[in-house]
Amino acid sequence: MEFVFFVEVLAGGLLAGVMYALVALGFVLIYKASGVFNFAQGAMVFFAALTFVSLTEAGWNFWLALVVTLAAMVLLGIATERVVLRPLVNQAPITLFMATIGLTFVLEGLSQMIWGSQPHGLELGVPDVPMEWLSQRWNVNISQFDLFAALVAGVLVAVLALFFQKTRIGRALRAVADDHQAALAVGIPLQHIWAIVWAVAGFVALVAGLMWGVRNGVQYALTFVALKALPVLILGGFESILGAIVGGLIIGATEKLAEVYLGPFVGGGIESWFAYVVALVFLLFRPEGLFGEKIIDRV
Amino acid sequence: MLYREAGQFKSTYAQDQQIFPILQDRVAIAILLAVAFLLVPAFGNQYWLGAILTPFLIFSLAALGLNILTGYAGQLSLGTAAFMAVGAFMTYNFVLRIPGIPILAAFVLAGLCAAAVGIVFGLPSVRIKGFYLAVATLAAQFFVLWVLQRVGWFSNYSTSGVITAQEIAILGYRFDTPAKKYLLTLAVVAAMALLAKNLMRSETGRAFMAVRDMDVAASVVGIPMMKTKLLAFAISSFYAGVAGALHAFTYLGTVEPEAYSLDLSFRILFMVIIGGVGSILGSFLGAGFIILFPIFLNLASGWVSGLFGVEISFAVVSNLEVIIFGGLIIFFLIAEPHGLARLWQIAKEKLRLWPFPH
Amino acid sequence: MTVPQPIAGAQRVGEVVLAVENVSLSFGGVKALVEVSFDVREHEVRAIIGPNGAGKSSMLNVLNGVYHAQKGTIRLRQGAAWREFHDMDSHEAAALGIARTFQNIALFKGMTVLDNIMTGRNLKMRCNFLQQALWAGPAKKEELAHRRAAEEIIDFLEIQHIRKTPVGRLPYGLQKRVELGRALAAEPTLLLLDEPMAGMNLEEKQDMCRFVLDVNDHYGTTIVLIEHDMGVVMDISDRVVVLDYGRRIADGTPDEVRSNQAVIDAYLGVAH
């Protein structure tokens, strides 16, 4: 009984971790291609989910709403490249980071101005209930929707990997990620590439937004969930898709386990900070993350 | 013609190293202080003193604290509000547990507590920079507030979560009116701004800026990296702590964790960016802007409604405010990374030449 | 507070003050330095030369603790006592009187020329931050005394007109000069210069040569420099050590090195 409960908590945590990883993926994409740490990824998740849910609630067809939301995200990516990134090219990373904090506020304000600030429920046809055969056979409660989300995440990662490995744009992206100057020198249009990356990150944000929207409803609190992607990135490293997944799983699992087994002794609510403190400890003892390489400062 | 330094020769380094080397600046600051200390409390009404000027001073102090860390020492923090919360809660506890303690002593002790917490969360800065550090300070934001809420001792086991701040007294003299609270705030903020200005123009300030501009080179000229960064965290958090104490005692009148959310941390960061990164004056300009702008926006929406007969809802105005703040951040980072303080400086340059353009 | 006083007359090269023994350094698989040994004598101008990638900058970086050698020792004489290091950090090196300029200029770009030079004096300042915040008594006195010392360096390097200019706005040649000024402000016993004349025009080079020789003559500072301009190296250095692929291939006076076959091969690119 004890063990079954542990497995349940662990599985729940791992699956929540998949959801964190979905958000973290968007950060990694943009960081790899442009060296920008995009704080606004969370706001993009919120914006995408809110746009989609508002359109479907207005009676739009599911697929039409999806395509229109995607188009909006692509436009947003292009606009961000033009208005924010291009004028700030060659600035210190910290400046770009602060600019994306500005972008966060613009997006959050804009989303709520257009669509209103009331919370929405979201349904994708997969109910968020325990799977029957698992609970009957093993007495383990694991949500159908969680497994669905894990599946979606798996497919998304596979698609991204294919996109990066097999397509011309993907190769150009990797070249840009490796060395901006060299990529420019061989004639890769940097600005197009950046716009594409932001658009892809917008797509990832949409997927993450839908998954989180079903779980918690589409509301402003989504931006706080998205913040949890930051500790995930500290663990997994900013440049590795695999790292984002593994980091997400670790954060998700340890956070749930800590809440359940440690929480009662300290008054609960430790989910609000546990991930950050884990990240803090990592920063103290292994700042390059689990997969990152040690950085040597060249002078 | 009025603002001209020609003819003001400096024959000693002491003269050249005054805070305000130009005579007109010294006169202007004297007038400003006289107005702030004498005229404002005499003629200001309750609304202006209590709801605008006092918070303006407090947020200026918090922004100044963050500016020391981010603007001068180059270490980004998203946890300023948490350090303010430490200041507020610890002041409450010092007043509660040490009967008759002068409020200023409680402020200093609370500031020291905030500084200690700042050092702990600043430890990662020894090994990491930039947005990595932002995540570490987020840990401060969430963890510190959780501790203050969950550990009963800090709120003296209050069940409501909101505690009333004790009355402010120094040796029996009570600061119980908005004007007196304003004066106390002004005195603390003015003194601390002066200390900050002195510190930033001496060896410590240069060490901060050296670490900010190029840490390897700073270490090569013998600046101890760890000590300098942790000192920046300590001083910055001390300032934030005292600002938090003032916020609870002279402004809100209550001590509550909700007042020190992540949102406040961002607001203070915005004050620094808009006001001017690495500028004492900028901290004041930024705080003034962030406080006055929503008031202006409300007024403007009122006029627009009056003119066109359209009702602008409160939600729209508050969203518009968020959008404009975010947009301004991007605008200032692109167009004028040194913020309002730099614009002020440019205006002074123009004034020096006026009316002859060359 | 002592202001560096010029020592009358040109300095005679003295005893060994710095000995590098079998130092090896590698980054991952790349060997930057292999068993390098050489020494530096008091008051001399010692040049390190070699083709690109020979390990010259790495050698300087090891000398003042920016990089940490995996093997070998560095011995430094202080008065009559020798201190031996396997590993030191750059802060420690500064405290031992080693100052440094960089190939790619490592100034504090947001600070003025005066402030940059003042940072060079930070190890000589004693007041704590509380005294500085009060700006009273000792702190003010100290600040002004060091300002005076900084102004002497500003006069020496002839950069009075730009003392309040942020260094980010200065042209390259002047930045190099300011960086030398910051190093001099520490009153070093050992000055490491990494390509002080790189990227300069003839006039700027001549100025810089003059400053380097003046520093050596007037203050008796021992100088180790890396330079690509052979003419400069042959003119101003007392002894030259030549590195190639991280190894020492020659060591001696400029004339000896010039006629050394290994050096000629290295520069002309004979197959190894």
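What distance separates the centres of domain 1 of chain C and domain 2 of chain C, taken over C-alpha atoms? The answer is 26 Å, and the legends below take you through this predicted model view by view.

**Figure 1. The two domains of chain C.** Let's start with how chain C is divided. The domain assignment gives domain 1 as 1–97 + 187–272 and domain 2 as 111–186. Where the two touch, 14 residues of domain 1 of chain C and 13 residues of domain 2 of chain C take part in the contact. H7(C) gives the most, with four residues. By residue class, this side of domain 1 of chain C holds eleven nonpolar residues, one polar and two charged.

**Figure 2. A four-stranded sheet in chain C.** The open sheet of chain C runs S2-S1-S4-S5, and its four strands pair in antiparallel fashion. Strand S2 (30–41) and strand S5 (81–85) of chain C are the edge strands; each has a single partner strand, so one side of each is left without a neighbour in the sheet. From one strand to the next, the twist averages 15 degrees.

**Figure 3. Strands S1 and S2 of chain C.** Zooming in on one pair, strand S1 (residues 16–27) of chain C and S2(C) run antiparallel and are joined by eight bridges. To find your bearings in the pair, look for C:Ala19, whose bridge partner in S2(C) is C:Asp39.

**Figure 4. A helix lying across the strands.** Which strands does H1 of chain C lie across? They are S1, S2 and strand S4 (71–78) of chain C, and the helix runs at about 65 degrees to S2(C).

**Figure 5. Chain C as a whole.** Stepping back, chain C has ten helices and ten strands. Its radius of gyration is 19 Å, close to the 19 Å that the globule rule gives for 272 residues, so chain C is as compact as a globular protein of that length. The C-alpha trace of chain C spans about 65 × 40 × 40 Å along its principal axes. Of its 272 residues, 43% are buried. Among contacts in chain C between residues at least 6 apart in sequence, 70% link residues at least 24 apart.

**Figure 6. Chain B as a whole.** Now for another chain: chain B has 14 helices and four strands. A compact globule of 358 residues would have a radius of gyration near 21 Å, and the 21 Å of chain B agrees with this. Along its principal axes, the C-alpha trace of chain B spans about 65 × 65 × 45 Å. Buried residues account for 49% of the 358 in chain B. If you count contacts in chain B between residues at least 6 apart in sequence, 75% of them join residues at least 24 apart.

**Figure 7. Where chain A meets chain B.** This contact takes 39 residues from chain A and 32 residues from chain B. Helix H4 (93–115), helix H11 (229–236) and helix H13 (274–285) of chain A each supply at least two residues of the side that touches chain B. Which of the helices gives the most to this side of chain A? That is H4(A), with 17 residues. The side of chain A that touches chain B divides into 28 nonpolar residues, nine polar and two charged.

Note on methods. Residues are numbered from 1 along each chain as its sequence is written. Chains are lettered from A and ligands numbered from 1 in the order in which they are written. This is a predicted model: local features need pLDDT of at least 70, side-chain atom pairs count only at pLDDT 80 or more; totals for chains, interfaces and linings use all residues. Two strands pair if DSSP finds at least two bridges between them. Axes are lines fitted to C-alpha atoms, for helices over the stretch in contact, and angles run from 0 to 180 degrees between N-to-C directions. Two residues are in contact if their C-beta atoms, placed from the backbone, lie within 7 Å. The radius of gyration is taken over C-alpha atoms; the globule rule is 2.2 Å times the number of residues to the power 0.38. A residue is buried if 20 or more other C-beta atoms lie within 10 Å of its own, exposed if 12 or fewer, and partly exposed in between; C-beta atoms are placed from the backbone. Domain bounds come from an automatic or database domain assignment. Ala, Val, Leu, Ile, Met, Phe, Trp, Tyr, Cys and Pro count as nonpolar, Asp, Glu, Lys and Arg as charged, and the others, Gly among them, as polar.
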